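Open the model in your viewer and keep the selection tool at hand. Each stop below says what to select and what is there.

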Amino acid sequence: MSRGLDRRLTALAEAVQVADGRLEPDAVEAARAIVDKAGARLGLGVENTVVALAGPTGVGKSLLFNALSGAELATVGRRRPTTSEGQAATWGDGADPLLDWLEIGRRHRLEDGALEGLLLLDLPDFDSVETGHRLEVDRVVELADLVLWVVEPQKYADASLHDRYLRPLQTHGAAMAVVLNQSDLLPRSEIDDWRRDAARLLADDGLPAMPVLVVSARTGEGLDSLRRLLADRVTARDAAVARLEADVTVAARTLGEWCADGKAAGVQPADRERLVAALEEAGGVPRVVRAVDAAHRHRGALATGWPFLRWVRRLRPDPLRRLRLRDRAPEGKPEPGQTSVPQPTEVQHAQVATATRNLADRAAEGLPAPWPALARDAATANEDRVADRLERAVGGTDLRVTRPRWWRLASGLQRLLALAVVVGMVWLFVLGILGYLHIDEVLPTPELRGIPIPSLLLLGGILAGVVLAFLARLTNGVGARRRSRTAARALRRQVEDAAEELVIGPVESELEAHERLRASLASAAAEAPGRWLGSRRPPKTVDKLLDPPNQEHAE
Ligand SMILES: Nc1nc2c(ncn2[C@@H]2O[C@H](COP(=O)(O)OP(=O)(O)OP(=O)(O)O)[C@@H](O)[C@H]2O)c(=O)[nH]1
Ligand SMILES: [Mg+2]
C-alpha cells in the first residue's frame, strides 16, 4: 500500500542529503525530521490508526473522548483548562509500541469490533495559558495520523486555529477533519448556517474538501457519523500513509522553493576561454612560450652560428634554463617549487578572480538563491591554490624542445670552414714572413683557377661560414616558431586541466547538485516539476490535485 510513499521517502532522503549544507538548515532539518518520523511511524505498522482530538479549551474534547469510548475516562471540567496531559483509548491489541513512540503514558484498553485498531488521543488545549500544553499538542499533532479539530459555536472561527494550524496544514486535508461540537446549544434552524459558515472558513484556509461533522458530545447527536468516519479510516488503514504523504509533499515543496524548474545555464565556453586565458597569464605561459622560442634560436646560434662570433652568444644565458624549465618534462609529473617562472602579480590574481566569478555567475544563471552563491563559493574555494597549481601545470608541461639533427651537420661544417679559415690565415701569415725574408721562392703557392689557395681558404671559409650561419639562422627562426607553438598548445592543455580542477569542476558539481535535488524533489512531491518548484507558494490548483494525496494509493 505504501510503495509509492516508500519511493517518495527515498527521494526525499536523497534530496535532504543534497540539500544538507547547501540550503537553509531549518528547512533541511524539517525535511530530515519527516523522513525519520515516517520511518519510525511506518516501522510501527499501519494496523493502528492514531486519531487525536485537538482544539481550544472547553470545546468538549474530553467529553467527546468519553462519549466515543463509552466510558468516563477523562475528566470533564468547568475550570479551564481541564486536561493537562494527553491520554489514550485503544481499541484492540498491539498499540503499546505506538503509544510509547507517541510518549502517551495514560492508556485505556477498550473492546469494540467496529473501531478495532483505533488509537484515540485526548489532548490538552492548544491555545492554553500553559505553554506546556501547547507544546504537547503541537508534538502530538505532528505525529498523529488523523487530527480531529474540535470546536464549538463560540470558537469555530478562532484565529489561532485557522492561522496557526489549518492554513499551514493546507496540504493535510486528508489527514484532518473538523468536529463542530455542542450543537445542542444552537437552535436547530441555525445549525446548517453554522456548518456552511465553517465550511466557508475552511475553504478560505485552502481546505475546501475537509470533512465537517456536527455533533453533540452531551446528547450523542451526530456521534454515529463520527464513529463511521473513524471506522472507515481505521479499517482502510490508510490514514498513516495519507498523513505521511502530505508531510512529504510539504517537505518537498519547502525545499523546492530553492530549486529552479529547469537546468542552470551551465559553464559557457566563452567564460571557460576567458578563465583559461587569465590563468595562462597568471601562470606565466606567454613568458614560457617566448622563452621556448628564444631558447631555440639561442641554441641554434650556438650550434650553427659563425664560430668566430659564438663567444658573444655564450655570454648570454639560455632563456629556458634561466626560468629553470626543462626541455622535456615527463608529462603529468610536475615538480612544484622548481621553476623560476615569476609568481602571479596582484593584477593577474585579480583577473583570474574576475574570470572565475563571471564564469560561476553565468553558469548558475536561471537558478534561485542560494545556488549562485554556492556556485561562486565552489569556484573560489581553491583560490589559494591557484599559484601553486599553475606552477605545477607549467613546470610539469612537456615543452618538447628538441634539437634538430641537422645542427650537428651544420656544426661540423662550420668547424671545417673555420679550420679552412685558420689554415688559410696561417698559410698567408707564413707566406708573408717568407716574402719579408725574400725566400718565398722556396715554397711555391698553389693556385686554383688563378686564385691562390690560401686566400681561397681564408676568404671562401669566411664567406661560406657567414652564409651558412645566415641560412641556419633563418631555418632556426622557423623551428623556433614551430616549437613555441607546440609548447603553447601543451601548456594550454595543462592550464585547462588546472582550470577544470580548480574552478570548473567544483562549479559543475554544484549545478549537478541542483539537478539531483530537483529530480529527487520532483519524485518526492509526486508532482510534475515546474508546477511548484521555485515558487514560494504553490498554486492552489495543485492542492486540489493532491487533496486527498492518498488517492494514488487507493488501488
Ligand atoms: N452543552 C454541551 N456542553 C458540552 C458539550 N461537550 C462538552 N461540554 C461541556 O463543556 C465543558 C468543557 O468540556 P471538556 O470536555 O472538559 O472540554 P475540553 O475541550 O476537554 O477542555 P480542556 O481539557 O480544557 O482543553 C464541560 O462543562 C462539558 O460538560 C456538548 O456537546 N454540549
Ligand atoms: Mg479536556
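Select ligand 1 and Lys-61. An N or O atom in the side chain of Lys-61 sits 2.7 Å from an oxygen atom of ligand 1. This is a predicted model, so treat what you see as computed.

**Around ligand 1**

One of its polar side-chain atoms lies 2.9 Å from an oxygen atom of ligand 1. Next, pick Gln-182. Here the backbone takes part: an N or O atom of the Gln-182 backbone is 3.4 Å from an oxygen atom of ligand 1. How much of ligand 1 does the protein bury? Taken alone, ligand 1 exposes 650 Å², and the protein buries 94% of that.

Now show the whole shell. It holds 22 residues. The closest are Thr-57, Lys-61, Thr-82, Thr-83 and Asp-184.

**The magnesium ion**

Select ligand 2, the magnesium ion.

**Thr-402**

Move to Thr-402. Find it in the loop between helix H16 (386-395) and helix H17 (406-436). Thr-402 counts as partly exposed because its relative accessible area is 35%, and that class runs between 20% and 50%. Show what it touches. Leaving aside neighbours within four places in sequence, Thr-402 is in contact with His-296, Arg-328 and Arg-483. Draw a C-alpha to C-alpha line from Thr-402 to Arg-328. It spans 8.1 Å, while the two residues are 74 apart in sequence.

**Ser-484**

Go to helix H18, residues 453-525, and select Ser-484 there. Ser-484 counts as buried because its relative accessibility is 9%, under the 20% limit. A polar atom of the Ser-484 side chain lies 3.0 Å from the backbone oxygen of Arg-481. Then show other contacts. Not counting residues up to four places away in sequence, Ser-484 touches Val-289, Val-292 and Asp-293.

The last stops concern backbone angles. Most residues other than glycine have a negative phi, and most peptide bonds are trans. Look for departures from that pattern.

- Select Ala-369 and Pro-370. A cis peptide bond joins them, with omega about 5 degrees. Pro-370 is in the loop between helix H14 (346-363) and helix H15 (371-380).
- Select Glu-103. Its phi is positive, about 60 degrees, although Glu-103 is not a glycine. Glu-103 lies in the loop between helix H4 (96-102) and strand S3 (106-110). With 58% relative accessibility, Glu-103 counts as exposed.
- Select Arg-449. This residue, other than glycine, also has a positive phi, near 50 degrees. Arg-449 is in the loop between strand S8 (447-448) and strand S9 (451-452). Arg-449 is exposed, with a relative accessible area of 84%.

Terms used
Residues are numbered from 1 along each chain as its sequence is written. Chains are lettered from A and ligands numbered from 1 in the order in which they are written. This is a predicted model: local features need pLDDT of at least 70, side-chain atom pairs count only at pLDDT 80 or more; totals for chains, interfaces and linings use all residues. Side-chain values use heavy atoms; hydrogens and water are left out. A residue is near a molecule or strand if one of its heavy atoms lies within 4 Å of it. A polar contact is a pair of N or O atoms within 3.5 Å; within protein, one must be able to donate a hydrogen and the other to accept it, and residues adjacent in sequence count only if both atoms are side-chain atoms. Accessible areas come from the Shrake-Rupley method with a 1.4 Å probe; for residues, only the protein chains shown count as cover. Donors are N, O and S atoms within 2.8 Å of the metal (3.2 Å for Na, K and Ca); water is not among the atoms, so sites may look incomplete. Helices (H or I, at least four residues) and strands (E, at least two) are DSSP runs, numbered from the N terminus. Buried means under 20% relative accessible area, exposed over 50%, partly exposed in between (1.4 Å probe, protein chains only). Contact means heavy atoms within 4.5 Å.
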